[in-house]
Amino acid sequence: MSKKRPVAVALAGALCLVTTACADATEKTGAAGEASAAAAKSGYPVTLDNCGSPQKFTEAPSRVVVMNGASVAEVSTLLALGLGDRIVANQQTYGRSEVEGRAEAIKGLPDGGVKLNDAYDVPREAMIGLRPDLVLSTTSYGFDEKNGFATREQLKDVGAATYVSPQGCDQDTSKMTIADSYTLLRDMGRVFGRSDRAEQLIAASRKTIAGVSAKVKGEKRPQVMVLFSNMAMGGNDFSSVVAKGIYNDILAKAGGGNAFESASRTSFADLSKEKVAATDVDALVVIGYNDPNPAAYARKLLKEFPQWPAAKNNTYVALSDSMYLGPSNDLAVAKIAGMLHPDRF
């Protein structure tokens with residue numbers, strides 16, 4: 001967030017300059033000036049500097065493609081802003097959600113009838129055929145030609161704007177925090193003329209998190225293992241263990257810490273069974289990514305490592321989309337805090 005703030009401030013200043021210029025034109029040029037004044041009142045044009053690529057919007061997009069990226073952040077953000085009707089193809093889903101009705105809402109979105117590539121995403125030719133005016137990708141991977149995707153330049157040539165989510169420019173999400181979820185909300189609010197709604201969501205989330213954090217302040221911070229259920233991303237027994245990223249910010253605000261934070265410099269650690277067994281784990285957070293029963297996986301782990309305090313106290317919670325970038329991190333903070341500090345709630 002701190003990296004984005006100067007950019008956001010600069011853009012806000014630039015937008016004010018544009019708005020002022022439009023107001024001056026209104027006084028001088030009659031009908032043309034009235035059109036400019038209308039644009040200024042609507043908030044357009046909106047310009048975002050996204051990964052060094054300026055993206056200009058003169059009106060709200062109406063044909064949005066949401067790429068997979070193993071994320072659910074972008075589609076959840078659009079739905080939270082009431083923009084589901086703008087999506088012509090969505091490839092994101094966790095299959096579950098902490099938000100009532102969201103998983104069903106995502107399931108009901110169109111997928112564009114696309115035949116996905118080996119990365120389970122929209123290949124270049126299919127993307128162009130969807131005639132998007134905005135394409136959302138979690139990281140710059142989704143616009144890399146060598147991966148078979150349409151590049152940002154190719155999409156610009158067919159009239160489509162592009163957007164890479166916060167911390168995704170260099171494909172390294174290890175520094176992601178909850179503030180980046182707010183940046184995504186705020187950016188989409190500006191792009192679609194829903195800034196008021198975005199600010200309402202951000203304010204509500206901050207209020208919830210502040211209330212939870214106040215209740216657990218000063219409490220002992222249990223060490224938590226966070227991992228995706230039944231997912232393999234490396235060569236060891238436990239390759240989807242979280243080490244860095246937004247997960248740690250959520251744990252900290254819930255009054256906990258990551259038992260494996262030092263196990264890797266990147267977002268995920270690829271760990272042996274011996275390493276996992278030798279670490280004291282006070283609690284488990286299992287993230288379900290298209291796994292219908294992550295709680296069963298959590299219980300299996302607790303049986304496998306009976307020496308853990310988490311196993312002795314049966315301390316775990318199964319979550320899904322609220323643990324990643326998106327509009328619902330406050331729900332994860334509240335649920336984890338309730339698990340770690342039940343006497344405080």
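Tutor: Rings of Phe, Tyr and Trp (its six-membered ring) pair if their centres lie within 6.5 Å; planes under 30 degrees apart count as stacked, over 60 as edge-to-face and the rest as tilted. This is a predicted model, in which local features need pLDDT of at least 70 and side-chain atom pairs count only at pLDDT 80 or more, while totals for chains, interfaces and linings use all residues. Residues are numbered from 1 along each chain as its sequence is written, and side-chain values use heavy atoms, with hydrogens and water left out.

Student: Which residues form one aromatic cluster?

Tutor: By the ring rule, the count comes to seven aromatic pairs. One aromatic cluster is formed by Phe228, Tyr247, Phe268 and Tyr324.

Student: What is the angle between the planes of Phe305 and Trp308?

Tutor: Both residues, Phe305 and Trp308, are buried (under 20% relative accessible area; exposed is over 50%, partly exposed in between, with a 1.4 Å probe and protein chains only). A pair of aromatic rings is described by the distance of the centres and the angle of the planes. Phe305 and Trp308 are 4.6 Å apart centre to centre and count as stacked, with an angle between the planes of 20°.

Student: Which strands stand at the edges of the open sheet of four strands?

Tutor: Helices (H or I, at least four residues) and strands (E, at least two) are DSSP runs, numbered from the N terminus, and two strands pair if DSSP finds at least two bridges between them. The open sheet has the order E4-E3-E5-E6, with parallel pairing. One side of each edge strand is left without a neighbour in the sheet because each has a single partner strand; these are E4 (87-90) and E6 (161-164).

Student: Which residue in E4 stands opposite Val64?

Tutor: Strand E3 (residues 64-66) pairs with E4 in the parallel sense over three bridges. Opposite Val64 stands Ile87.

Student: How are H9 and H13 oriented to each other, roughly parallel or oblique?

Tutor: Helix H9 (residues 246-253) and helix H13 (residues 329-340) pack with their axes 8 Å apart, at an angle of about 50°. Axes are lines fitted to C-alpha atoms, for helices over the stretch in contact (heavy atoms within 4.5 Å), and angles run from 0 to 180 degrees between N-to-C directions. Angles under 35 degrees count as roughly parallel, over 145 as roughly antiparallel, 65 to 115 as roughly perpendicular and the rest as oblique. H9 and H13 are therefore oblique.
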